[in-house]
Amino acid sequence: MKKAVKILLIVLAVVILIGASSCFVITRQNEYTIIRQFGKVVDIRDQAGISFKLPILQDQQTLPKTVLLYDLPVSDVITKDKKTMVADSFVLWRIEDPQKFIQTLNSSLSNAESRLSTLVYNSMKNTISGMNQTEVISGRDGELAAAIKAGVGSGLEQYGIQLIAVETKRLDLPDDNKEAVYQRMISERNNIAAKFTAEGESEAQMIRSETDKEVEIKISQANAQAEILQAEGEAEYMRILSDAYADPDKAEFYNFVRSLDAAKASLTNGKNVLFLGLDSPLTQIFYETGLAQAEPQPQTEMEP
């Protein structure tokens, strides 16, 4: 009998401990705690700490309170100029009103992601369909994401969801269109390069023409100055010759030197004999010089 009572007390103590432990509710900083009674939400606790609930009659559920990331499925979108592009995006969102979230989405994160996918994709499709492909590409630095988020508007508020941001990981062309687009881009860049090259060559030709013109002008001026200096030198040379001929002694010496130069110039190709006529000016000079050297000098008599 005592043994049975002891066992009963132990079982009762265990039941009491289990029941007491089920009364405590721990709410963490990054979550909501939902208290349900017979399936109905009776309380939502968003403050971190320990609280109580009725054992057995009430149960608890948690929902994330932090910012969540949802990777949208890769989808095709068509631009205003009928170009197909592949969009790969993700969204950042959080549960702002857990009561609405529970009522409309049955506390299901997958249901919330489905709503996000539909609304964000429709906004992306509508936004991109109003833009040309070049505008879409140039707007990838943030303008496009802001436009998509604005297009969603307040559509998620009814689900108790706050859309924080829409980000595009990749916004590209389909694989079968890339090669054609790349070739067109290469052709456009080649045309631009050819245009710049032609403009550069034209400007270079203008610079060369201007330079050649300046060089010709400077050479012409230099030649004119050289001719002036040469004329002045020749005039000075003629003046010096005139002064030399004005003096008989200098003129005779000059004629003698010029005659020797002429005779030297005639003795070329190994010749050492010069034939001159008696009437040649050179013959007269050499003849007169020879007579002057052969003329006997007067003798002076010496007294014994």
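Predicted model: local features only at pLDDT ≥ 70, side-chain atom pairs only at ≥ 80, totals over all residues.
Me: Does arginine 45 count as buried or exposed, and what is its relative accessibility?
Reply: Arginine 45 lies in strand E3, which covers residues 40–45. A residue is called buried when its relative accessible area is under 20%. Arginine 45 therefore counts as buried, since its relative accessibility is 18%.

Me: With which side chain does the side chain of arginine 45 make a polar contact?
Reply: Leaving aside neighbours within four places in sequence, arginine 45 is in contact with several residues, among them Glu31, Tyr32 and Phe52. The polar contact of its side chain, at 2.8 Å, is with the side chain of aspartate 43.

Me: Why do the buried residues of H2 line one face of the helix, and within what arc do they fall?
Reply: In helix H2, which runs over residues 98–105, the buried residues include Pro98, Phe101, Ile102 and Leu105. Seen down the axis of H2, these residues line one face because they fall within an arc of 105 degrees.

Me: Which strands and which helix are included in what covers the buried residues of H2?
Reply: The cover of these buried residues includes strands E2, E3, E5, E8 and E9, and it also includes helix H3.

Me: At the start of H2, which residue has a backbone nitrogen that a side-chain oxygen of aspartate 97 reaches?
Reply: After the other end, H2 is followed by asparagine 106, whose phi is positive, near 55 degrees. At the start, the side-chain oxygen of aspartate 97 comes to within 3.1 Å of the backbone nitrogen of glutamine 99.

Notes. Residues numbered from 1 in each chain as written. Heavy atoms only, no water. Helix = DSSP H or I, 4+ residues; strand = E, 2+ residues; numbered from the N terminus. Buried < 20%, exposed > 50% of the residue type's maximum accessible area, 1.4 Å probe, protein only. Polar contact = N/O pair within 3.5 Å; in protein donor to acceptor, adjacent residues only side chain to side chain. Contact = heavy atoms within 4.5 Å. Arc of directions from axis to C-beta.
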